[in-house]
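Trainee: I have the sequence and the model open. Can we go through them together, one point at a time?

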Amino acid sequence: MKWIEVDHRHGFRKDVLAYVSTMALVRARGRQWFICLHELQHCSAINCKCQAMLLLWPSSAACCRGDLLSLCQRWVENCRRADLEDKTPDQLNKHYRLCAKHFETSMICRSSPYRTVLRDNAVPTIFDLTSHLNNPHSRHRKRIKELSEDEIRTLKQQKIDEAFEREQATQELNESNAQNTVSEEGGEEQEEEATPLTLEERENKDYLKSLFEILILMGKQNIPLDGHNADELPEGIFASDNFQALLECRINAGDEVLRKRFEMTAVNLEYCSKTQQKQMLEICESCIREETLREVRDSHFFSIVTDEVVDIAGEEHLPVLVRFVDDSHNLREEFIGFLPYEADPDILAVKFHTTITEKWGLNMEYCRGQAYIVSSGFASKMKVVATRLLEKYPQAVYTLCSSCALNIWLAKSVPVVGVSAALGTIEEVCCLFRQSPQLLEELDNTISVLFQNNKEKSNELKEICRSQWTGRHDTFEVLVDLIQALVLCLDAINSDSSVRWNNFIAGRAFVLSSAITDFDFIVTIVILKNALSFTRAFGRNLQGQTSDVFFAASSLTAVLHSLNEVVENIDVYHEFWFEEATNLAAKLDVQIKLPGKFRRAQQGNLDSEITSENYYKEILSIPTLEHIIQELKDIFSEQHLKALKCLSLVPSVMGQLKFNTSEEHHADMYKNDLPNPDTLSAELHCWRIKWKHRGKDIELPSTIYEALHLPDIKFFPNVYALLKVLSILPVMKVENEKYEVGRKRLKAYLKNTLTEQRSSNLALLNINFDIKHDLDLMVDTYIKLYPDKVEFQEDFIPSNNSEVTKDA
């Protein structure tokens, strides 16, 4: 038997029962319960503080239905008060006890686990004292008896006494339930009877909830916690940080909970310490992340993807994204947090694994892919991480990421310092021209003059310059065609005498013009263009349709064969590449010479007679080609190629193969992931027959996305499981762009936030701003983790940029 006390100062407890006119039937946990009102009092006093007790018991218990109905009808009658007819809705809402009968239907929320709940902004209507006259079942009701002041005082005292007795009974019942509670087997948390909160506990929870709401707002709106720098303010001047400023604004807007907390606090005191802010932000981050990870765990299988190392408040971090298929069969890529970067690759591998498994609670046994987008300075270290994870989890294949073109991926990982410098220069040039339409227009004019005899080429280059051309498969081909126009445009910006450009833009133009007219830069981009020309078509197919990916996997052997042939004849190939670089340098009036750092290192060495051609062959061409070959072998391992062969499950690929496929031979690696592996062969046969003998008007699904959304896909459980696993491989592109917003929001956050103002906690809130959050859970978690911080007085500390007097 469960008792719920109802004791509310300003109204009949709305979240338990707002209105009862007939006997109500409530269903809870598959069982039926009756609701009975015990000793409902007349709503006769002007500011009535009605107290009641709800008793819930199984339907098998004896219940006098007639008495219950009589009590409920009497409650309805007592709600009709002639002396309240002239009151405004606002007065009725604030000062008088009401039931749901007196509110608009739209103000009643019926999705609550309780029978009826009023919305927070519900405003009652004026009583209709004549509606019951038109009701034939209520014409003979008696008018409400007017009570004297003595009777009112007597009733009030009687209700106070009854409330005290019920409170005592409730406390005894709670103590008894606490003693009888036994922990469940398996280490699961035990369910305890909810203990009524004291007034102080309730106010403290409301206070913490307000603080969490402010922090979540700051995260979603990308507002940094810190405001004015204390060093920039005159001594003795106090300036609130952004958090306290929002807190004060909320107090001024009428937040009574915060006002009561801080009304006697000096204005030059911090209302919430930096330590407490950090603790609360960590809880916010954890709760928001958990919403996504819960979906990942429900999906079982996932892949891990990291992006470029970023600087957050002076420390390097790795952004981590997770790929999974949700309940609606949509492939999603979501940002789940930052990992502190470690210089030691072995330590990085351990922390990477520990954070994902222990801190975030993902089971790496279900990881089916891993991909890392990093520059050459970090590529070798991330490869150590990939190797360590593969040793523990062989099915977590190391792959290319679909969001990065293969040639850019390969160029970023080349272990040559000159390549990293060249890629950085290219990005800076692209960023400079994207700063304003005027700069792009200046570049367009330069291209028009330079290619005035080739309009088609001119229009093509103009269109490319207005896109993210640094991420294309043919980036280096485009750059070689564009470099002369870039140099002429940058020189024009730097030497402009009409003061069209500010000093910053003119200065950057001068620096970048000097960088791209260096022979070391020119020879680097020419060699990259030629070396990566063998993988350009292969990489483009990997980002194409599902059938293109399938057939690209079969062409890898031919690509590797071509690259090995180039390495065997590197002297001949490099001679042509170096000649192209010298011709381009002559067109730009660039002197052909060895890099200055090499010449300085060779001073005094009379035996050194190395030529520029041989130098770049040994230092650039050979290492680049060898790295490309090895990297292709690593990211397209035997396990990965077997997985890509399973793409013949997609009906359009199956059709191109004339339905002569043998997926079961390649699906062995996923045998343990199948619900019924013993029936795989028969199920695949039925799957092929289904599409081979389809109707003429039925089109073959061309992607995994379309196949997963087939109405009858659940009739092929093994095929369904295989398609889900294949779709989360990082090499497969996300078909629907709206499910790839995690990476785009990450880029937007990093672009729009100053390095010193970045916060890993606030970043997660900003990037995942549309994920639901549970404030009550955050508050309960904080109270459980930091019970010593509950008392708000402990959090009042003097501000760092002010002096607090003793009086304060």
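Mentor: Start with a crossing: α7 passes α29 in a left-handed crossing. Keep in mind that this is a predicted model.

Trainee: At what angle do the axes of helix α7 and helix α29 cross?

Mentor: Helix α7 spans residues 274-299, and helix α29 spans residues 760-767. Their axes come within 9 Å. The pair is oblique because of the crossing angle, which is roughly 40°.

Trainee: Which residues in α29 does α7 meet?

Mentor: On the α7 side, the residues are Leu281, Glu282, Cys284, Glu285, Ile288 and Arg289. They meet these residues in α29: Ser760, Asn761, Leu762, Leu764 and Leu765.

Trainee: How confident is the prediction, as mean pLDDT of the protein?

Mentor: Of the residues, 70% reach 70 or more. Over residues 1-77 the pLDDT is below 50, though this stretch has 162 contacts in the model beyond near neighbours in sequence. Over residues 792-808 the pLDDT is also below 50, with 37 such contacts. The mean pLDDT of the protein is 76.

Trainee: Is Cys489 buried or exposed?

Mentor: Cys489 sits in helix α14. Leaving aside neighbours within four places in sequence, Cys489 is in contact with Phe433, Glu442, Leu443 and Thr446. Its relative accessibility is 0%, so Cys489 counts as buried.

Trainee: What separates the C-alpha atoms of Cys489 and Leu439?

Mentor: Along the chain, the two are 50 residues apart. Phe433 is in contact with both, Leu439 and Cys489 being among its partners beyond four places in sequence. The C-alpha separation of Cys489 and Leu439 is 9.0 Å.

Trainee: What is the handedness of the crossing of α12 and α14?

Mentor: Helix α12 covers residues 437-450, and its axis comes within 9 Å of that of α14. They cross at roughly 125°, and α12 and α14 are therefore oblique to each other. Among the α12 residues that meet α14 are Leu439, Leu443 and Ile447. The crossing of α12 and α14 is right-handed.

Trainee: How far apart are the C-alpha atoms of Ala245 and Leu225?

Mentor: Ala245 lies in helix α5, residues 242-252. At 34% relative accessibility, Ala245 counts as partly exposed. Leu225 is 20 residues away along the chain. The C-alpha atoms of Ala245 and Leu225 are separated by 10.0 Å.

Trainee: What is the phi of Asn222?

Mentor: Most residues other than glycine have a negative phi. Asn222 lies in the loop between α4 and α5 and is partly exposed, at 26% relative accessibility. Although Asn222 is not a glycine, its phi is positive, at about 55°.

Trainee: What is the relative accessible area of Phe659?

Mentor: Phe659 is in the loop between α24 and α25. Its phi is positive, about 60°, although it is not a glycine. Buried means under 20% relative accessible area. Phe659 is therefore buried, at 17%.

Key
Residues are numbered from 1 along each chain as its sequence is written. This is a predicted model: local features need pLDDT of at least 70, side-chain atom pairs count only at pLDDT 80 or more; totals for chains, interfaces and linings use all residues. Side-chain values use heavy atoms; hydrogens and water are left out. Contact means heavy atoms within 4.5 Å. pLDDT is the predictor's confidence in each residue, from 0 to 100. Axes are lines fitted to C-alpha atoms, for helices over the stretch in contact, and angles run from 0 to 180 degrees between N-to-C directions. Helices (H or I, at least four residues) and strands (E, at least two) are DSSP runs, numbered from the N terminus. Angles under 35 degrees count as roughly parallel, over 145 as roughly antiparallel, 65 to 115 as roughly perpendicular and the rest as oblique. A crossing is left-handed if the near helix is turned anticlockwise from the far one by less than a right angle, and right-handed if clockwise. Buried means under 20% relative accessible area, exposed over 50%, partly exposed in between (1.4 Å probe, protein chains only).
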